[in-house]
Amino acid sequence: MSDALTAASWPLEPHTAAKLKILGAYLRAWFPIIAQGSSFDRIIYIDGFAGPGRYKKGEDGSPIIALKAALGVPPRENQIPLEFHFVERKRRVSATLKANIEYLKQHRKIPPHIEIHVHERQTFAEAYEQHIRGRLLAHARAPAFALVDPFGWTGMPMQILSELMERPSTEILVNFMFEEINRFIKHLQQEQNFDSLYGCPEWRRAFDLSGFDRKRFIHDLYGEQLRNAAGARYVRSFEMRNSRNATDYFLYFASNNILGLAKMKEAMWKIAPSGDFTFSDATNFDQCVLFEPEPNRQMLRHLIAERFAKQRATVQQVENFVVEETPFLATHYKKQVLKEMEADQALRYLDPPTNRPRGTFASKSAVLEFL
Ligand SMILES: C[S@@+](CC[C@H](N)C(=O)[O-])C[C@H]1O[C@@H](n2cnc3c(N)ncnc32)[C@H](O)[C@@H]1O
């Protein structure tokens, strides 16, 4: 039993803190929505590379952030179980994690519907094979969330991600450690690991590329594999650059659920810029959008104008495009973009109700003509 907060010796770097803020913001939105469901008998949360639970100055690590997000959901009658699987390969790190979970238990009442499993001294792949796959199969309809946050590129086979994405309701958040991957991709001893990471042999085409082309290829192939091999309906990636403006990692979010995608994008927009890092949507490098307190309205206008040029579309169709295919949110496009386009006569609102104030788009079935 631990009666003191146990920290790892790892300092929390600003770009890592940003990742954890995103995770917390997403889970604080995701858990309450999912917990309201009635068509499944539990929720399964997986942290495949859990770490110690705390950083050097006592800041929460990913497992504690997830548990606190779950504890923040007001309990209701007949609460369905929420099953946590934390996997950590290293003995000392998993001992620290267990101590930090004990510490949390001493200070916050953990209700009985929250089940915590620490798979210590096991790799993600081992714990998945031995414990987690069985739980997922036994509860095939249970919504699941998996965080895959390694130090490098090993131990996160595309095969496992594919199995996860085959389920009707699974979200995954993958930390794709670009800087390390780019540095080691030509190492001969790493061939098997890269085959497993990508789930295909095509990554070898990176050998002939350099600079931006190589970065783009390494990034895009992983997204394509999540879409095509793993079968994820929605895949977005987000680029974290460090204070030297070098790409540190990409966060990939994959989901089959539009609400999950919307909530993840909201979490991304909450990350305020800082001098220490920049954070942008990198799903399509031709449209890299930096997350800032004020969204880049001109960029969104350009995307909408290009997509719907000379066409008619309902407000709902425009919203679907914004949420599914751009980095922007459903809250960004009406007041900030459609209103301006109507004022500039770049669109026409067909058959408006007599009492409609210009520049408002309350009805989702309203038809707009883009000029
Ligand atoms: C980047 S850290 C995780 C940080 C943690 N997700 C957080 O945000 O607080 C990666 C952790 O994964 C562990 N690890 C490395 N390889 C692993 C594997 N194949 N399976 C499970 N854990 C692994 C390392 O010991 C380390 O603690």
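**The ligand and its surroundings**

The structure described here is a predicted model, and the values below are computed from it.

Phe 49 takes part through its backbone, where a polar atom is 3.1 Å from a nitrogen atom of the ligand. Glu 88 instead uses its side chain, placing a polar atom 2.6 Å from an oxygen atom of the ligand. Asp 149 also takes part through its side chain, in which an N or O atom lies 2.7 Å from a ligand nitrogen. Of the 600 Å² that the ligand exposes when taken alone, the protein buries 95%.

Seen from the side of the protein, the space that the ligand takes is the largest pocket.

Turning to the protein as a whole, its secondary structure comprises twelve helices and twelve strands. The C-alpha trace spans about 70 × 60 × 40 Å along its principal axes. The radius of gyration is 22 Å, which agrees with a compact globule, because a globule of that kind with 371 residues would have a value near 21 Å.

Terms used:
Residues are numbered from 1 along each chain as its sequence is written. This is a predicted model: local features need pLDDT of at least 70, side-chain atom pairs count only at pLDDT 80 or more; totals for chains, interfaces and linings use all residues. Side-chain values use heavy atoms; hydrogens and water are left out. A polar contact is a pair of N or O atoms within 3.5 Å; within protein, one must be able to donate a hydrogen and the other to accept it, and residues adjacent in sequence count only if both atoms are side-chain atoms. Accessible areas come from the Shrake-Rupley method with a 1.4 Å probe; for residues, only the protein chains shown count as cover. On a 1 Å grid over the protein atoms alone, a cavity is a set of points where a 1.4 Å probe fits but cannot get out, and a pocket is an open set with protein on both sides within 12 Å along at least five of seven lines; lining residues have an atom within 4 Å of a point. A molecule sits in a cavity or pocket if more than half of its atoms lie within 2 Å of its grid points. Helices (H or I, at least four residues) and strands (E, at least two) are DSSP runs, numbered from the N terminus. The radius of gyration is taken over C-alpha atoms; the globule rule is 2.2 Å times the number of residues to the power 0.38.
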